[in-house]
Amino acid sequence: MADSLGQNWKNRDFTLSSISDLSSDDASSPGIARFTSDALQIHPESPQIPLNFDLRTAQILKLGPVQSLCTMEGSDDGKSGSYSTGVSIKFKNEEDCAAFHSAVQQWIKENNVQGNLPNGTLTTSKSKFDEKIESSSAKMYFHYYGQLLHQQNMLQDYVRTGTYYAAVIENRADFTGRVVVDVGAGSGILSLFAAQAGAKHVYAVEASEMAEYARKLIAGNPKLAQRITVIKGRVEDVELPEKADILISEPMGTLLVNERMLESYVIARDRFLTPTGKMFPGVGRIHMAPFTDEYLFIEIANKALFWQQQNYYGVDLTPLHGTAFQGYFSQPVVDAFDPRLLIAPPMFHVLDFGKMKEEELYEIDIPLRFIASVGTRVHGLACWFDVLFNGSTVQRWLTTAPGSPTTHWYQLRCVLSQPIYVMAGQEITGRLHLIAHNAQSYTIYLTLSAKMWGPGAEQGGILQTSSCKLDLKEPYYRMSQPQAYPVAQDQQPQPLVQTQDIHIQSQEFEEPEIMQQLSPNSCAQIDSLMQKI
């Protein structure tokens, strides 16, 4: 939305709720911002001369969701010194602020502006990757993936590696005689698969030090090596000699979007892929369902009991208990769980890598609606993902669903610090809101609500609601295998959640077997714990 508004910068005034001149003690006033052919003009409503900022030399900084700073160096008039001009501007809402900054970038792009260094030499514009990712995070990220032990961990995920191999080899018709770009090539294994499938040439793009290991591995396979070129660099920055017919990559992180590599995958599509080219994978889906797990809830809550000590070497720790308690519940749980813990059929959200814009990954908003299959305590939202390799010959899914063979991604659960209660047939609504941050991950905002049940329900209304904020960058890696939940003698085992054979447009899922209702003793234990909290 912001981009489309930004592209109309020539015909639009941006309304400002306040304009503050940093060099003056005068009170702020509302006004407008307007772009001309050679400048940005700030017009206060009060009778003042408009301020002109030459965008070829000015700096426009975003200070917050609705606040920005415009600065420009003063000219040397031969007096004792030269002073800069600075104005703080505030917008009415985040959308207007985002549109304004998009317009700035569009102006710079259309006027072919590059940054000027003090000595007059030109520097290339800052990489898009550098603009949105914190340098310390990027350094750690590329260091991690530059180590062989972590590449081995992924290669030994045989569900992952085997599915990629099958998707490529079973679709030789898509690869034979074609140019392939491997985005984030790592060890180069996918490039080697593409060459095995008959690719004309493969460009393996890898930004970490793993590029050197990839060269060594590929050189050790001489029959394939002559058709593979390793390029060390980021897809946002490198240049290739030709367009690609196929993009192949493994850009998925926890919850599909963690590490924000999907954005690089989409950028590579825009930069390198021909209009009729294919992406392997081409579609991703985030699956979600409410779950009940009293053992997990108690395990997390108990971690904060340390801070309930009133005499820890003579120190009362209880002032920090509440903060510690919320801190533990701000960590998404990464583990493999029994699908019988799900208390409603799952829903999913589709990400079409071939059509979506990079900016659509900056913020993902998913409305939630489920019908409870059993009366129980809802402890949070369980999530997993799958991706589709839509080959011309064979369509193949790679799934991380509970009950399917475990992958190194496992599944993810967002646990509520305040569970909600539901009855069988009761509607559960809510929202899963993901906002990208510059540490290559997302802040998760989850809200679940139980709607009114029984007489009068047709009037709507919410009985209870619970929310939490989590950082996808800092998960709790539980890594235990799914607990064995005994099946009652009168219960018949039901099929586990199956996702890989589901058509993209369908949300018809087989209902998973539901865990038996919580025992009275278990409920009493949790109630006692919540009273302490």
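Figure 1. Phe306, Tyr312, Tyr313 and Val315 make a nonpolar surface patch of about 450 Å². The model shown here and in the other views is predicted. Val315 sits in the loop between helix H12 (294-303) and helix H13 (321-329). Its relative accessible area is 43%, so Val315 is partly exposed.

Figure 2. The model has 1 cavity of 30 Å³ or more. About 40 Å³ of space lies in the largest cavity. Its lining includes Thr254, Leu255, Trp384, Phe385 and Trp409. Cys383, Thr400, Tyr410, Gln411 and Leu412 also belong to the lining. Strand S19 (376-390) and strand S21 (411-422) each give at least two lining residues. S19 provides the largest share, 3 residues. Sorted by class, the lining has 7 nonpolar and 3 polar residues, with no charged ones.

**Figure 3. Helix H8, an enclosed helix.** H8 covers residues 189-196. Of its 8 residues, 7 are buried, so the helix is largely enclosed by the rest of the structure. The buried residues are Ile189, Leu190, Ser191, Leu192, Phe193, Ala194 and Ala195. Gly198 follows H8 and has a positive phi, near 100°.

**Figure 4. Asn171 in its loop.** Asn171 lies in the loop between helix H6 (158-169) and helix H7 (172-175). Its relative accessible area is 0%, so Asn171 is buried. Asn171 and Gln395 are 224 residues apart in sequence. In space, their C-alpha atoms are 8.8 Å apart.

**Figure 5. Backbone details in two loops.** Leu256 is found in the loop between strand S13 (244-249) and helix H11 (261-272). Its phi is positive, near 75°, although Leu256 is a residue other than glycine. Leu256 is buried, because its relative accessible area is 0% and buried means under 20%. Glu259 lies in the loop between S13 and H11 too. Glu259 is not a glycine either, yet its phi is positive, about 80°. The other loop, between strand S14 (273-280) and strand S15 (283-291), holds Pro281. A cis peptide bond joins Phe280 to Pro281, with omega about 0°.

Figure 6. Arg160 and Glu250 form a salt bridge through their side chains, at 2.7 Å from N to O. This pair links distant parts of the chain, 90 residues apart: Arg160 is in helix H6, and Glu250 is in the loop between S13 and H11. Arg160 has 7% relative accessibility, so it counts as buried. Glu250, at 10%, counts as buried as well. A salt bridge also joins Asp386 to Arg285, with the closest N and O atoms 2.8 Å apart. Here too the pair links distant parts of the chain: Asp386 is in strand S19, Arg285 is in strand S15, and 101 residues separate them. Asp386 and Arg285 are both buried.

Figure 7. The side chains of Arg431 and Asp365 meet in a salt bridge, 2.7 Å from N to O. Arg431 is in strand S22 (residues 427-437) and Asp365 is in strand S18 (residues 363-371), so the pair ties together parts 66 residues apart in sequence. Arg431 counts as partly exposed, at 39% relative accessibility. Asp365 is partly exposed too, at 40%. Elsewhere, a network of salt bridges links Asp293, Glu299, Asp335, Arg413 and Arg478. The structure holds 21 salt bridges.

Technical notes
Residues are numbered from 1 along each chain as its sequence is written. This is a predicted model: local features need pLDDT of at least 70, side-chain atom pairs count only at pLDDT 80 or more; totals for chains, interfaces and linings use all residues. Side-chain values use heavy atoms; hydrogens and water are left out. On a 1 Å grid over the protein atoms alone, a cavity is a set of points where a 1.4 Å probe fits but cannot get out, and a pocket is an open set with protein on both sides within 12 Å along at least five of seven lines; lining residues have an atom within 4 Å of a point. Grid points are joined across faces, edges and corners, and a volume is the space filled by probe spheres set on the points. Helices (H or I, at least four residues) and strands (E, at least two) are DSSP runs, numbered from the N terminus. Ala, Val, Leu, Ile, Met, Phe, Trp, Tyr, Cys and Pro count as nonpolar, Asp, Glu, Lys and Arg as charged, and the others, Gly among them, as polar. Patches are made of residues with over 30% relative accessible area and no salt bridge: like charges are joined within 9 Å, nonpolar side chains (Val, Leu, Ile, Met, Phe, Trp, Tyr) within 5 Å. Accessible areas come from the Shrake-Rupley method with a 1.4 Å probe; for residues, only the protein chains shown count as cover. A salt bridge is a side-chain nitrogen of Lys or Arg within 4 Å of a carboxyl oxygen of Asp or Glu. Buried means under 20% relative accessible area, exposed over 50%, partly exposed in between (1.4 Å probe, protein chains only).
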